[in-house]
Amino acid sequence: MADFTMPSLGADMDEGTLLEWLVEPGAPVRRGDPVAVVETAKSTIEVECFETGTMAQLLVEPGTTVPVGTPLAQIGPTTERAEKSKKRISSIRP
């Protein structure tokens with residue numbers, strides 16, 4: 001499992017506030033997908049995922065301020081159900 005952590009969104013950023021989750025536990029995520037909205041001292045930014053898999057667990061509630069590097073969520077491997085769907089679709093296509 002991979003940790004999705006509070007990113008450093010600027011050279012002087014020490015902490016950020018998680019404003020909103022854009023995904024729910026169990027949702028598939030891909031590298032580059034926006035998964036959360038974070039507020040810094042200077043702006044509000046949609047934060048992208050750096051892993052592909054399934055959003056396994058949200059660790060921080062919206063409205064919480066945490067230091068850079070703090071795990072916000074855990075991303076697990078793609079679920080078995082999603083893998084089976086992919087295989088079924090690819091076996092149908094020529």
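Buried means under 20% relative accessible area, exposed means over 50%, and partly exposed lies in between (1.4 Å probe, protein chains only). The views below show a predicted model, in which local features need pLDDT of at least 70, side-chain atom pairs count only at pLDDT 80 or more, and totals for chains, interfaces and linings use all residues. Residues are numbered from 1 along each chain as its sequence is written, and side-chain values use heavy atoms, with hydrogens and water left out.

**View 1. Thr 17, a residue of strand β2.** Strands (E, at least two residues) are DSSP runs, numbered from the N terminus. Thr 17 has 15% relative accessibility, so it counts as buried. Beyond its neighbours within four places in sequence, Thr 17 is in contact (heavy atoms within 4.5 Å) with residues including Val 37, Val 38, Glu 39 and Thr 64.

**View 2. The salt bridge between Asp 12 and Lys 42.** A salt bridge is a side-chain nitrogen of Lys or Arg within 4 Å of a carboxyl oxygen of Asp or Glu. Here the N to O distance is 3.1 Å. Asp 12 sits in the loop between β1 and β2, and Lys 42 in the loop between β4 and β5, so the pair links parts 30 residues apart in sequence. Both residues are exposed. Searching the whole structure turns up one salt bridge.

**View 3. An open sheet of four strands.** The order is β1-β8-β6-β3, with antiparallel pairing. Because β1 and β3 (28–29) stand at the edges with a single partner strand each, one side of each has no neighbour in the sheet.

**View 4. Where β3 meets β6.** Two strands pair if DSSP finds at least two bridges between them. β3 and β6 (residues 53–58) pair in the antiparallel sense over two bridges. Look for Val 29, whose bridge partner in β6 is Gly 53.
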